[in-house]
Amino acid sequence: MTDQPTRLGEAGPDEPAPPPLDNPDRADETRSEAIRTDDATEVIETVDTNQSVENDPDVEVVGTESGATAADVPLSEDGPDVPFWRRRSSVVVAAVLGAALVVVYLGAYLIAGRDLASGATVLGVEVGDLSTAEAEAVLAAELPALVDTPISLHGAGDDSTFSIVPSESGLSIDITATVDDVPGASADPISIFRALFGAGAVDPVPVVDREALEAAVAVIAEQTDTDPVNGSVGFEDGEVVTSAAVPGRSVDVRTTADAVTAAYFGTDGPHALPIDAVELAMTEVAPAVDDADVERAVTDFAEPAMSGPVTVVAEGRSGRLEPDVIGTALTMEPGDGGGLIPALDGAKLAEAAEQALADIGQQGRDASIRIEGGRPVIVPARTGRGVMPDALAAAVLPALTAGGGDRTAEVELTATEPELTTEGAEKLGVVEVVAEWTTRFPHADYRNTNIGLAARRIDDTLLLPGETFSLNELVGERTAANGFAVGWTIDAGRLREDYGGGVSQVATTTYHAAFKAGLEDVYHQPHSIYFDRYPVGQEATVSWGHFDMSFRNDTPYGVLVETQFSPSGSGPGALTVKIWSTEYFRIETSVSARSNPTDPQTIYDTGEECAAQEGWRGFSITSYRKVWTPDGELVKDEAFPWTYRPNPTVVCGPEPDAGD
């Protein structure tokens with residue numbers, strides 16, 4: 001066998017040519033045969049029907065076809081070309097099938113019509129059997145309100161719930177695209193054939209403005225995010241105190257926006273209203289200082305620091321700083337590389353150690369001004385010789401972790417100049433009374449105690465230009481330990497006993513004097529009910545931990561507050577506050593007429609602590625102030641509206657029966 005297929009009637013490269021045909025006249029009776037060679041390679045050959053091949057061991061006849069000659073069947077590399085008549089029949093079949101499909105499509109189109117599929121709805125809105133234009137009009141009128149219901153978002157593990165309004169958060173519906181999704185909306189064959197069988201619920205096609213959506217989620221994040229709380233180490237009364245670290249949490253804005261996008265018709269439907277609530281994607285934020293850092297700081301520094309006193313030595317003299325004194329100025333702060341780093345505040349330490357180091361050097365003193373004999377007198381400044389605060393802290397800090405006799409800090413004495421010199425005080429211009437006010441009060445022992453104590457604590461207060469007066473800061477918390485007595489105070493419109501009753505008399509008198517001096521009002525709050533011994537609309541109350549009375553010296557001169565207190569006895573007491581400075585502002589003040597009067601209610605109280613009181617009416621009023629500088633510039637044009645609540649009538653006893 002040869003390796004190459006051979007056409008019958010031709011010799012192979014190593015074979016003799018076959019004998020000629022016995023009957024050339026029957027050459028038209030050739031046929032096309034499929035010849036299988038020994039090596040299983042299939043080829044198509046042309047075989048003469050008169051040539052005997054039955055006995056050829058190398059050739060097998062597998063089929064005949066009359067009416068064709070060898071020349072009529074051209075051979076290709078892989079076999080014979082498809083006859084022309086076969087190619088023509090294939091084209092005919094394809095054309096017939098195409099025509100059939102066109103007929104079927106046209107029939108379906110005619111049956112389905114040009115309207116949307118029957119029964120089609122979008123979130124319950126009927127659009128079946130409508131034209132696309134009609135459907136778009138219906139959906140444009142009804143769909144926006146349906147899909148604009150707020151979407152709830154809630155935090156994991158808590159009860160916090162928030163909401164976003166789709167139209168305000170970048171979420172909307174593409175009406176045209178939604179209608180296009182309804183079967184029958186287009187000439188697309190698939191849409192036409194789906195329309196033949198009707199349609200059900202179709203989901204709206206959402207449009208998402210990602211930037212606007214993330215901005216809406218970010219607003220929620222601002223409300224719900226919590227910062228981590230670092231573990232801490234502190235010092236109180238010479239003891240080490242610690243607090244545990246608390247991780248924070250933060251809303252993952254991008255992931256939450258993804259969840260909202262999916263909920264807003266963004267996943268496989270069908271969808272229904274209302275839209276399901278979305279859970280905020282939260283991430284935990286680790287604190288910079290964890291519990292391990294706290295434990296390490298306590299062991300390595302805090303406990304050794306509080307283990308005993310530190311002796312401060314300077315020029316042969318010494319003073320001992322106890323742990324409670326050191327602890328007032330000692331802190332441990334987060335370091336840039338993590339953990340806690342100790343810090344010692346020199347100014348606080350020097351102030352706390354003033355008595356302990358009194359024998360070391362000589363304390364300096366600022367110049368001051370006080371009123372003597374009805375006129376201001378300057379108390380000269382004094383240069384001191386002592387330990388500079390920063391040098392004291394730098395020497396004490398390394399000694400805190402030393403043991404035994406090594407807990408010693410050596411320092412050098414330095415001349416300490418006063419912050420306010422005598423010459424500086426003389427230039428402040430505290431030379432005359434620019435405003436004053438006097439209030440009176442009925443007798444009560446607690447008033448004499450509390451008003452007198454508060455008045456003494458603010459007396460001779462000097463404000464340099466730009467400094468602020470704070471009554472709470474100067475007077476301090478109203479407690480027994482701070483020298484105050486129990487007296488009547490106002491709580492929710494009713495009188496009750498508490499420490500510091502009467503201090504508001506000092507607040508009102510001082511406020512009104514500063515108001516008349518034209519000084520900047522930083523903060524004041526009138527009483528909730530009106531007392532006729534105070535200037536209406538131009539008075540103030542104070543409450544420790546709640547609200548203060550404060551004003552700022554916004555003049556180029558010094559301001560000195562002087563108080564004159566006369567206790568009550570057989571007659572009323574009096575408090576006068578004078579503002580000393582150089583006259584600078586020109587002012588005008590006024591108040592409006594009272595309006596919106598409200599009658600008091602009557603309260604019947606059977607409690608043991610009941611205090612009977614007479615009620616009076618409430619009303620609204622506005623206080624006005626205009627302030628000009630020396631060159632005539634209007635720098636303050638202020639209105640202070642306030643509404644006084646009615647003071648209830650309190651009857652200690654049961655409410656009488658309606659028939660009595």
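Asp129 sits in the loop that joins S4 to helix H2 (132-147), where helices (H or I, at least four residues) and strands (E, at least two) are DSSP runs numbered from the N terminus. The model is predicted, so local features need pLDDT of at least 70 and side-chain atom pairs pLDDT 80 or more, while totals for chains, interfaces and linings use all residues. Residues are numbered from 1 along each chain as its sequence is written, and side-chain values use heavy atoms, with hydrogens and water left out.

Phi of Asp129 is near 65 degrees, a positive value in a residue other than glycine. Most residues other than glycine have a negative phi. Asp129 is partly exposed, at 46% relative accessible area; buried means under 20%, exposed over 50%, and partly exposed in between (1.4 Å probe, protein chains only). Leu123, in the loop between strand S3 (121-122) and strand S4 (125-126), also has a positive phi, near 50 degrees. Leu123 is buried, with 16% relative accessibility.

Turning to the surface, Glu236, Asp237, Glu239 and Asp324 form a patch of negative charge. Such patches take residues with over 30% relative accessible area and no salt bridge, like charges being joined within 9 Å; a salt bridge is a side-chain nitrogen of Lys or Arg within 4 Å of a carboxyl oxygen of Asp or Glu. Asp and Glu count as negative, and the charge is placed at CG of Asp or CD of Glu. Asp237 belongs to the loop between strand S9 (232-236) and strand S10 (239-243), and is exposed at 73%.

Definitions and conventions:
Patches are made of residues with over 30% relative accessible area and no salt bridge: like charges are joined within 9 Å, nonpolar side chains (Val, Leu, Ile, Met, Phe, Trp, Tyr) within 5 Å. Accessible areas come from the Shrake-Rupley method with a 1.4 Å probe; for residues, only the protein chains shown count as cover.
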